[in-house]
Amino acid sequence: MGLIDRLRGTDDPRVVFLGIDGVPYRLIASEPETFPNLTAMIESGSAGSIESIYPPETTACWPAITTGSNPGETGVYGYQDREIGSYETYVPMGRDVQHDRIWDRVTEAGRDASVFNVPVTFPPQRTVQRMVSGFLAPDVDAAATPEELRSYLDSIDYLIDVNAKLGHRADKSDFLDHARRTLDRRQTAFREYVERDDWDLFVGVYLTPDRINHFLFDQYVSGGPDREAFLSFYERLDEHIGAIRDALDRDTTLVVASDHGFAPIDRVVNCNEWLERTDWLAFRDRDHDALADIADDARAYSLGPGRFYLNLEGREPRGSVSRAEYEETRAELKRQLEDLESPAGDPVVRRVVETETAFRGDHDEIAPDLVAIPHDGFDLKADFVGHEAVFEDPGPRTGMHSFDDAALLIDEPGVTIDDADILDIAPTLLQLLDVSFERTAFDGASLVQ
């Protein structure tokens, strides 16, 4: 029995789900001294490496995790999505997620859910017990509901996200200090509400690991001067998770998961620059800075990360590729992506996935025609500003998301995690909670037998 002593007087099973954004399973498994608490979960429970979704991007991944559905169902494909029938783009927010979240299903079942810092949940939902929105929320006052939660978070100077601009400095000291403060204040809030013992489902996301990995993952891999600071941050994260684990009673299952893996960046690949140089993309104005500036005869364009769209007649306003030419043109673009090599002769793209393989659902009108998954080390970017070269040095961001090696740990033995992906998390959580659901409601499946 932990610190919580079942104040609610009910024997219903409960779940704490902690997100560790961007943490690779291999990192946990290879550093047991850094992760003693997560290692204990691995040894006494069930754990393994799982796959992400196409594309493995935070804005698309968290709607997928929390709905159990692919972007064709959620309607969110990346940090920047395209308006239907337009070249205008927008940044998806919580209201753009077109599918029920796990906490909606818990609430509909008459149970209570507290939700903290999940990306793409702004504005916060007032239909759940309490919520503070995560990534993309402007500030705590706008992100938190009800008023009691908002006041508490203000009192502890809660931080929704790390100041990533600090990571661009050569000296990472200020960045690391801000990351630790963000992590610690996140933990203070998590502990406060976990120990209130008034919820059935507690969801909390630590986004800070993703930020650390973007700027310091290469230091860990290469043994650079900031490697110890990198591992020290993760020791602190593990300690925080261990404290929550120790506070839970035997009727509460702890689940810890990440949304994608991570890898060091060797080269940035400017995808729209490549498309322009290979005669797929043209612009009305060479000083372009937006998708809307593409020329009428453009055949394809890219949105990050690794999403490729044909300029299709009848779908795009100035589409130049006819429906009759669609399959042949898409196959040609796929072949060229698969053949793309770096200046050193290394293959860039591991595989290219067609839309019908990656996406299905009522909201697939804005789905990309192809998604390219790169080999580790090649970060596929897709801005519309001209570049001097297709391949460039990574700059201050030296870590990139990877499709494979997301982490899933369940503090319960006997759960089969082989061949799992992040779409399996939502139905697994609901089964652990004994909340009934239609198996066809999810693209994933429960891992609990």
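The chain is divided into domain 1 (14-262 + 400-433) and domain 2 (267-393), with bounds taken from an automatic or database domain assignment. This is a predicted model, in which local features need pLDDT of at least 70 and side-chain atom pairs count only at pLDDT 80 or more, while totals for chains, interfaces and linings use all residues. Residues are numbered from 1 along each chain as its sequence is written, and side-chain values use heavy atoms, with hydrogens and water left out.

Start with the two domains. Their centres, taken over C-alpha atoms, are 30 Å apart. At the interface, 28 residues of domain 1 are in contact with 36 residues of domain 2; contact means heavy atoms within 4.5 Å. Together the domains bury about 2600 Å², 63% of it on carbon and sulfur atoms. Buried area is the accessible area (1.4 Å probe) that two parts lose on being put together, summed over both. Tyr54, Arg82 and Tyr87 supply 36% of the area that domain 1 buries against domain 2, more than any other three residues.

Three salt bridges are counted between domain 1 and domain 2. A salt bridge is a side-chain nitrogen of Lys or Arg within 4 Å of a carboxyl oxygen of Asp or Glu. The side chains of Asp81 and Arg307 form a salt bridge, at 2.8 Å from N to O.

Which elements give two or more residues to the side of domain 1 that touches domain 2? They are helix 4 (71-74), strand 3 (81-82), strand 4 (89-90) and strand 18 (399-402). Helices (H or I, at least four residues) and strands (E, at least two) are DSSP runs, numbered from the N terminus. Helix 4 gives the most, with three residues.

Eight strands form an open sheet in the order 2-19-9-1-8-5-6-7, with mixed pairing. Two strands pair if DSSP finds at least two bridges between them. Strand 2 (46-50) and strand 7 (144-145) stand at the edges, each with a single partner strand, so one side of each has no neighbour in the sheet. Strand 5 (residues 113-116) and strand 6 (residues 130-132) run parallel, joined by three bridges. Phe116 has Val132 in strand 6 as its bridge partner.

Finally, the whole structure holds 32 salt bridges. One of them joins Asp200 to Arg111, with the closest N and O atoms 3.2 Å apart. Asp200 lies in the loop between helix 8 (173-194) and strand 8 (201-206), and Arg111 in the loop between helix 5 (102-108) and strand 5, so the pair ties together parts that are 89 residues apart in sequence.
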